[in-house]
Amino acid sequence: MSSKDWIEKDYYAALGVEKSASADEIKKSYRKLARESHPDHNPGDPRAEERFKAVSEAYAVLGDEKKRREYDEMRSLFGSGAFRRNARGAGQPGGMPFDVSDLFGGAAGGEGRFGGGLGDLFGSIFTGGGAGGAARPRGPARGRDVEAEVALDFEDAVRGVTLPLTLRAPGVCDTCHGNGAKPGTQPVACPVCHGAGVTTRNQGSFSFSEPCRNCQGVGTIVEEKCPECHGTGGVTKTRTLNVRFPAGVADGQRIRLAGRGEPGERGGPAGDLFVQVKVRPDELFGRSGDDLTLTVPITFAEAVLGTDLRVPTLDGTVTLRVPPGTPSGRVLRARGKGVVRKDGRAGDLLVTLDVVVPAKVSDEARAALEAFAEQTPPAAREHLDARVRRFG
């Protein structure tokens with residue numbers, strides 16, 4: 001996309017969010033709109049495809065913190081009429097004296113008041129008049145990033161697993177190998193821009209450069225198009241990738257596979273594939289960081305008298321000692337029985353004891369409990385009894 005797109009297109013409107021939206025709100029809206037307009041869900045609908053492209057282009061900018069900041073600065077500068085022409089015809093912000101080098105950086109190479117970020121962007125818009133050089137051709141475009149979601153079993157997430165992931169997405173055309181040209185031919189230099197990828201027109205003190213419309217800024221055109229991809233260099237295909245999920249991968253974590261996203265246009269570099277991990281809950285174990293958690297019920301007698309408790313782990317069993325007089329909710333620790341870290345060390349298994357009180361007991365058990373109560377000192381409730389006596 002060109003800098004001109006940044007000025008003319010409202011990416012916030014494309015995603016249906018306010019300018020003050022948080023990164024999470026932007027991402028949530030993008031994922032919703034991308035699902036609704038994805039070509040796989042709307043086969044043969046060119047409008048849905050255009051909406052999908054517009055949403056993806058908007059997220060590529062607003063989803064990147066640096067690009068979003070520069071986009072906001074550019075829109076604010078041009079939207080406020082910063083480059084109105086004064087009576088003499090010179091480009092001045094609001095008619096005040098203005099030196100373009102203040103914005104883009106001085107002749108000595110120093111950064112302007114925008115720290116060089118906007119200078120790099122505006123360098124592709126203006127030529128001459130101190131704008132910092134001519135626009136560069138766009139060249140082969142990088143492919144879009146692709147997002148996928150995979151659900152893992154709890155044990156697979158803890159231990160690590162390699163799974164096949166099937167994607168239906170644009171891929172490199174096998175017939176032309178991505179250059180868009182019919183086999184036996186090659187793309188040729190664009191006759192309009194002569195291979196530069198940009199065209200220039202004068203506007204007063206400035207020369208305005210934009211991507212060549214004849215070649216879409218690539219600098220080359222395909223005279224004889226590939227019969228398979230019709231000159232785009234890519235086709236929609238189903239592909240299967242073996243994705244390695246490392247041991248200890250957490251719910252919500254994103255795995256990045258560089259260069260496994262959509263292919264670039266006409267031989268450009270491919271985007272990345274981001275795999276969102278969803279971990280299915282386990283019927284026994286929970287997780288807290290690198291520690292596994294487990295709740296084990298014990299009887300009142302086991303809590304009072306103490307016992308040796310045998311509990312499961314993910315790879316076997318372990319015996320824990322329950323000391324006499326253990327209260328409900330106490331946590332016992334089995335060291336090294338949790339999630340294995342990248343450095344080879346492992347978290348722990350945290351066992352929470354839950355003293356179970358039976359709803360019904362036999363006559364014999366009731367008699368034994370009453371005898372036990374007579375021999376047991378009362379609970380320390382003196383501080384509570386004193387407050388109760390104040391109310392009669």
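**Salt bridges across the chain**

Okay, let's start with Asp153: its relative accessibility is 40%, so we call it partly exposed. Bear in mind that this is a predicted model.

So who does Asp153 pair with? The partner is Arg280, and the closest N and O atoms of that salt bridge sit 2.7 Å apart. The two come from distant parts of the chain, 127 residues apart: Asp153 is in the loop between E2 and helix H8, while Arg280 is in the loop between strands E10 and E11. Arg280 is partly exposed too, at 41%.

Next pair: Asp290 and Arg341, with a salt bridge at 2.9 Å, N to O. Asp290 is in the loop between E11 and E12 and Arg341 in the loop between E15 and E16, so this bridge ties together parts 51 residues apart in sequence. Asp290 comes out at 28% and Arg341 at 31%, so both count as partly exposed.

Then there's Glu147 with Arg31, at 3.9 Å. That one joins strand E2 to helix H3, 116 residues apart in sequence. Those two also belong to a salt-bridge network with Glu149 and Arg254. Overall, the count is 17 salt bridges.

Asp72 is buried, and it has no salt bridge.

Conventions: Residues numbered from 1 in each chain as written. Predicted model: local features only at pLDDT ≥ 70, side-chain atom pairs only at ≥ 80, totals over all residues. Heavy atoms only, no water. Buried < 20%, exposed > 50% of the residue type's maximum accessible area, 1.4 Å probe, protein only. Lys, Arg positive; Asp, Glu negative; His and termini not counted. Salt bridge = Lys/Arg side-chain N within 4 Å of Asp/Glu carboxyl O. Helix = DSSP H or I, 4+ residues; strand = E, 2+ residues; numbered from the N terminus.
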